[in-house]
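Colleague: Let's go through this model together. Please show me the sequence and the structure.

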Amino acid sequence: MSDDRFRMMFYEEARELLITLEEGLVELERRQGDRAHLDRTFRAAHSIKGAAAMVGLPAIAEFTHGIEAVLDRIRSGSVGVDADIITTLLEARDHLAAMVEAEAANAPIPPSVDLN
């Protein structure tokens, strides 16, 4: 398989995972005690990060790592879930979606939201 084929598979998978990530984030505040829900949301970000790295999209992988790191802090209890953190994560998710679509259109955009 060519690199292009792998990239096309990545874009398709990333779009599905971005939907899962968004749904997970929207429900995160309401479902704070639901560890399985949080784990599913984390895994969506983790899968995008790993797949982006595998197909040679380091900017997407690094940006997604920031989202994953915040979700991991929520999982560990060191960051609480409130409307502000959800808004920030949803904005980051939207920027990540824009990065994926820009790469798919061969017009990459840089990451811009610092989640650290």
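**Helix packing, residue by residue**

Colleague: Leaving aside its neighbours within four places in sequence, which residues is Leu-28 in contact with?
Modeller: This is a predicted model: local features need pLDDT of at least 70, side-chain atom pairs count only at pLDDT 80 or more, and totals for chains, interfaces and linings use all residues. Residues are numbered from 1 along each chain as its sequence is written, and side-chain values use heavy atoms, with hydrogens and water left out. With contact meaning heavy atoms within 4.5 Å, and sequence neighbours within four places set aside, Leu-28 touches His-37, Leu-38, Leu-71, Ile-74, Val-81 and Ile-86.

Colleague: Is Leu-28 buried or exposed?
Modeller: Leu-28 sits in helix α1. Helices (H or I, at least four residues) and strands (E, at least two) are DSSP runs, numbered from the N terminus. Buried means under 20% relative accessible area, exposed over 50%, partly exposed in between (1.4 Å probe, protein chains only). Leu-28 has 2% relative accessibility, so it counts as buried.

Colleague: Does α1 run roughly parallel or antiparallel to α2?
Modeller: Axes are lines fitted to C-alpha atoms, for helices over the stretch in contact, and angles run from 0 to 180 degrees between N-to-C directions. Under 35 degrees counts as roughly parallel, over 145 as roughly antiparallel, 65 to 115 as roughly perpendicular, and the rest as oblique. The α1 and α2 axes come within 9 Å and cross at roughly 150 degrees. Therefore α1 is, relative to α2, roughly antiparallel.

Colleague: How far apart are the end C-alpha atoms of α2?
Modeller: The expected span of a helix is 1.5 Å times one less than its number of residues. Helix α2 (residues 35-54) has 20 residues, so it should span 28 Å. The end C-alpha atoms agree with that, at a separation of 28 Å.

Colleague: At the start of α2, which residue's side-chain oxygen reaches the backbone nitrogen of Ala-36?
Modeller: A polar contact is a pair of N or O atoms within 3.5 Å; within protein, one must be able to donate a hydrogen and the other to accept it, and residues adjacent in sequence count only if both atoms are side-chain atoms. Here the oxygen comes to within 3.3 Å of that nitrogen, and it belongs to Asp-34.

Colleague: Which residue's backbone oxygen does the side chain of Arg-93 reach?
Modeller: Arg-93 lies in helix α4. Its relative accessible area is 10%, so Arg-93 is buried. At 3.2 Å, its side chain reaches the backbone oxygen of Leu-18.
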